[in-house]
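Please look over the sequence and the model shown below before reading on. The paragraphs that follow walk through the structure step by step, beginning with a pair of charged side chains.

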Amino acid sequence: MNAALFYTGMVVAVILMGVSLIYAGIYRRERGVRYFVWIMACRLIYASGVIMELQAHTLPDKEWFRGIQQISLVLSVPLFILFVLDLYNRDKWRKLSSHLIIFGPFAGWAIVIATDFRTGLIYAGNQLIDGHLETVRTPLALSVNLLCFTIIAIGLVFVVRYIRSARPEVRKAGMWVLVLCCVPVLFELAKLTVPGLQSWLLPFSVYTGFLGMIMLWLIVRNQLFSIVPMARQQIIDTRQEGFLIADHKGRIVDHNDYVQPLLCDMEDESLIGLNIDDVLVGWPEWREACLEMRTGRMEIPGDGRLPDRVFILDVYPLLSQGGRKHGTVSILFDITEKQRHLEQIASLNQLKDQLFTVVSHDIRDPLALQVSLIELLEETRNSLRSDQRELVDTLSEQIRNTYTMAENLLEWFRAQKEGFSLRADEFDLSQIVYEACRALALRSEAKQVRLVNEVPDRFFVRADREAILLIVRNLLSNAIKFSRRGGTVFIRAREEEGEWLLAVRDDGVGMDETQLRLLFDDASLDTLPGTEGEKGAGLGLMVSRRFLQLSGGRLRVESAPGEGSTFYIHVPKEGEPER
């Protein structure tokens, strides 16, 4: 063979390796590719070392370049191990400490290769025959080389298993790339097992670089780097959702059995290779999302094949590292049972609302009558014997607590109903406070707690009158409950910028930081007994806060143990109530 043509062919092969390396470098951040790039770099160094060895004329020079070749081959082995681990998502091996563990033995052997001219551990003898370097390896070197080939063979088994689990069109291309990658390995194995062929096989190990163009064509055509094939059996077939994968041209490249009944008339019919324009005729929104390769979420019916089913569909674009769109993944979730449950819940809620509306009147009216009757008894309290007065007091406390609890519960339920809203009207706040104080007059007198209404006359606010009355009554009730006998409760109001402020202050037992934190916790309805053992359901503050929220206002409190508490009602001057 002409020498110029001989060396030109090898240089071209090295250049082709470089092109493949550059292309792989573009996707170096993809899973698996990040280590494949370094394997390609080692291969390029090896091929360059072969060319330099063939160009050299002295024995030391040829030995030097042979050492470079061997070091590049040795370092390819740990890179191949990391490549396989990366494919199988073993990310813990990507740590620096793990890299040192894997690279350590091979780096040590590379040092032995570099210092072989002093130790003689690698080659038992080197000589030039017809200008070619002939070597005889030591038993130690042969053992290490065989160990490296064994590791590569085991790794190839795992790579084959991985590729077989990929989607069909990737599987075929991946197998061809793997076969082409194995050709240089076979050349190295032949050089090891038949030493007499070393001089003949050495240049051909460089010519295998021409196979790199075929590999590159397969990689580019099937986008093996931009969409690394994940384990299909684990990711798609074992999931309880439907998967449909389409490429940038709208061609279906993979799907699982879950979507088969929805999109196919026959159970054994495959969708692979069909165009989504033909398959998704009944779902134009789904089809457009796939063709435009955009993210989308929609609810779709089962159409004619599954008329009784309802699905939630998520469409995601498949993006490369550089952000280029290569297709879409559609994920289907069957929500038929969930939809039926929601319809049942809605029906039960409607029935509950109707029952609660009817029952609320049957509860509230008798309780209101009982409160009126007990007030009549309390007016004649002084004419009763002491044991009778005690009975009336106990009965009065029980009936009023029950009435307050029922009132708060019914109001809370009313506030939770869908479509409920408050109606803002202008009213005199002093009159509201007066009504609340009058409603609680007998309770406060029984405990000798003085209610002081310091709200100015004709203090007009705009809000829902009944809601504000309920809130003030609940706050006054709590203030009486936690006041000591003979205490005083002050009610004051003032106008601030953008809002009206009403304050209810008592000189009772107060609260510590823990009690203040739990005070506005809707998940906790625990309530403390009053200063004289009064009990409650804990609904009053929760209902008050809810109505203030619907009014666009807020409730806050200042308190300290032994110093009483002050509750502040903030009502905005402007703005519509929340709907």
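**A walk through the predicted model**

R309 and D334 form a salt bridge, with their closest N and O atoms 2.6 Å apart; the term salt bridge stands for a side-chain nitrogen of Lys or Arg within 4 Å of a carboxyl oxygen of Asp or Glu. This pair links distant parts of the chain, since R309 lies in the loop between β5 and β6 (310-319) while D334 belongs to strand β7 (residues 325-334), 25 residues apart. R309 counts as partly exposed because its relative accessibility is 24%, and D334 is partly exposed as well, with a relative accessible area of 26%. In these terms, buried means under 20% relative accessible area, exposed means over 50%, and partly exposed lies in between (1.4 Å probe, protein chains only).

The model is a predicted one, in which local features need pLDDT of at least 70 and side-chain atom pairs count only at pLDDT 80 or more, whereas totals for chains, interfaces and linings use all residues. Residues are numbered from 1 along each chain as its sequence is written, and side-chain values use heavy atoms, with hydrogens and water left out.

Seen as a whole, the chain contains 20 helices and 14 strands, where helices (H or I, at least four residues) and strands (E, at least two) are DSSP runs numbered from the N terminus. Of its 579 residues, 45% are buried. The accessible surface comes to about 31,500 Å², and 58% of that belongs to carbon and sulfur atoms; such areas come from the Shrake-Rupley method with a 1.4 Å probe, and for residues only the protein chains shown count as cover.

With 39% relative accessibility, V11 counts as partly exposed.

Further along, the axes of helix α3 (residues 59-87) and helix α4 (residues 96-114) come within 9 Å and cross at roughly 170°, so α3 is roughly antiparallel to α4. The contact (heavy atoms within 4.5 Å) involves residues including G67, I71 and L82 of α3 and F103, W109 and I113 of α4. Axes here are lines fitted to C-alpha atoms, for helices over the stretch in contact, and angles run from 0 to 180 degrees between N-to-C directions; those under 35 degrees count as roughly parallel, over 145 as roughly antiparallel, 65 to 115 as roughly perpendicular and the rest as oblique.

Most residues other than glycine have a negative phi. M293, however, has a positive phi of about 50° although it is not a glycine; M293 sits in the loop between α13 (284-291) and β5 (296-301) and counts as buried, at 12% relative accessibility. R458, also not a glycine, has a positive phi of about 55°, and its place is the loop between β9 (450-453) and β10 (460-463), where R458 counts as exposed at 63% relative accessibility.

To return to charged pairs, a search of the whole structure finds 13 salt bridges. Among them, E496 and R494 meet at 2.9 Å, N to O, and salt bridges that share partners join E435, R465 and E466 into one network.
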